[in-house]
Amino acid sequence: MADWALITGASRGIGREAAARFSRAGWGVMNVSRKPCPVPGVVNVEADLSLPGWEEKVGAALKDALGPGGGRLSLVHNAALYEHDDALSLSAAHLRRVLEVNVVVPARLNSMVRSHLTEGSSILYVGSTLSEKAVKGAASYAISKHALVGLMRATCQDLVGMRVHTVCICPGFTDTEMLREHIGGNQAILESVAKRTTFGRLINPEEIADVLFFCANTPVLNGVVIHAHLGQIES
Ligand SMILES: NC(=O)c1ccc[n+]([C@@H]2O[C@H](COP(=O)([O-])OP(=O)(O)OC[C@H]3O[C@@H](n4cnc5c(N)ncnc54)[C@H](OP(=O)(O)O)[C@@H]3O)[C@@H](O)[C@H]2O)c1
């Protein structure tokens, strides 16, 4: 009975490193993203989580790969949109698009995997430091990352008796394409961002992958928010 990790957004960044971490430990890994995960052996479900149609693809892949009565499942809600916007000029269409990928997809995936949640399974949410605070110019992201904490806490309560645990892991500034794209590829900004941790460097995505893997294997961490930000300096 193999253990499986189902990770959204493992084509790059934190998700890719999480796929590598679970895979090294002998877990089967399934990725859902538009581009494939480069880690050998990963089952790729190529789907756009912002468009209808992904549920059928993921449902079929789950049925094929996991089957009934399998080992543990760790569902890692990692894929997200991070866009520049403003709380006072958000359009409904824009906000709905971000909430769809960042919040609605995780909620739908939870219900799709319900029958695979054997004892010791876990549902891990990748939040952000913006799960518990906001900064200027990132309204839809902050809204969605706060909502994930609510979804995680509700998940914990609704899993009562199943011996399945859930955690929201909140990374700080992590050196991925998402961060680099968000700051427009500006090296000077990247260096100033790195100086905003007490260690004076960015977090490596592998470090967040290790935290995710640890959480998957640590059921006493249940219903909680874990910050992994290398001592972010508040200004
Ligand atoms: N990097 C940071 O500093 C940081 C800090 C705090 C929190 N986080 C959180 O960490 C998680 C991973 O971030 P990252 O930095 O690794 O980001 P990333 O490098 O941009 O990776 C994001 C992943 O999400 C997938 N994705 C995005 N839109 C998708 C869509 N419509 N359908 C399917 N997949 C989609 C992408 O895959 P495709 O493009 O192949 O579809 C990609 O694999 C996110 O939840 C992010 O909010 C990151």
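Both Trp-27 and Phe-213 are buried, where buried denotes under 20% relative accessible area, exposed over 50% and partly exposed the range in between, with a 1.4 Å probe and protein chains only. The model is predicted, and local features need pLDDT of at least 70, side-chain atom pairs count only at pLDDT 80 or more, and totals for chains, interfaces and linings use all residues. Residues are numbered from 1 along each chain as its sequence is written, and side-chain values use heavy atoms, with hydrogens and water left out.

The structure holds four aromatic pairs. Rings of Phe, Tyr and Trp (its six-membered ring) are paired if their centres lie within 6.5 Å, and planes under 30 degrees apart count as stacked, over 60 as edge-to-face and the rest as tilted. The centres of the rings of Trp-27 and Phe-213 are 6.2 Å apart and their planes stand at 70°, so this pair is edge-to-face. Distant parts of the chain are linked by the pair, with Trp-27 in the loop between helix 1 (13-24) and strand 2 (28-33) and Phe-213 in helix 7 (residues 205-216), 186 residues apart. One aromatic cluster is formed by Phe-22, Trp-27 and Phe-213.

The protein contains seven helices and seven strands, assigned as DSSP runs (helices, H or I, at least four residues; strands, E, at least two) and numbered from the N terminus. From the N terminus on, the order of the elements is β-α-β-β-α-β-α-β-α-β-α-α-α-β. The radius of gyration is 17 Å, close to the 18 Å that the globule rule gives for 235 residues, so the protein is as compact as a globular protein of that length. This radius is taken over C-alpha atoms, and the rule is 2.2 Å times the number of residues to the power 0.38. The C-alpha trace spans about 50 × 40 × 35 Å along its principal axes, and 49% of the 235 residues count as buried.

The largest pocket has a volume of about 1,200 Å³. Its lining comprises 49 residues, of which Ala-80, Tyr-82, Tyr-141, Met-178 and Leu-179 lie nearest the centre. Helix 5 contributes the largest share of this lining, five residues. By class, the lining of the largest pocket has 21 nonpolar, 16 polar and 12 charged residues.

One cavity of 30 Å³ or more is found in the whole structure. The largest cavity holds about 60 Å³ of space. Among the residues that line the largest cavity are Thr-8, Leu-49, His-77, Val-101 and Lys-145. Helix 3 gives the most to this lining, with four residues. The lining of the largest cavity divides into seven nonpolar, four polar and one charged residue.

A search of the whole structure finds zero disulfides, a disulfide being a pair of cysteine sulfur atoms within 2.5 Å. The sulfur of Cys-168 lies 3.9 Å from the closest cysteine sulfur, in Cys-170, which is too far for a bond. Cys-168 counts as buried, at 0% relative accessibility. Cys-170 likewise counts as buried, at 0% relative accessibility.

Terms used:
1 Å grid on protein atoms, 1.4 Å probe; cavity = no way out; pocket = protein on both sides within 12 Å on 5 of 7 lines; lining within 4 Å. Points joined across faces, edges and corners; volume = space filled by probe spheres on them. Nonpolar A, V, L, I, M, F, W, Y, C, P; charged D, E, K, R; others polar.
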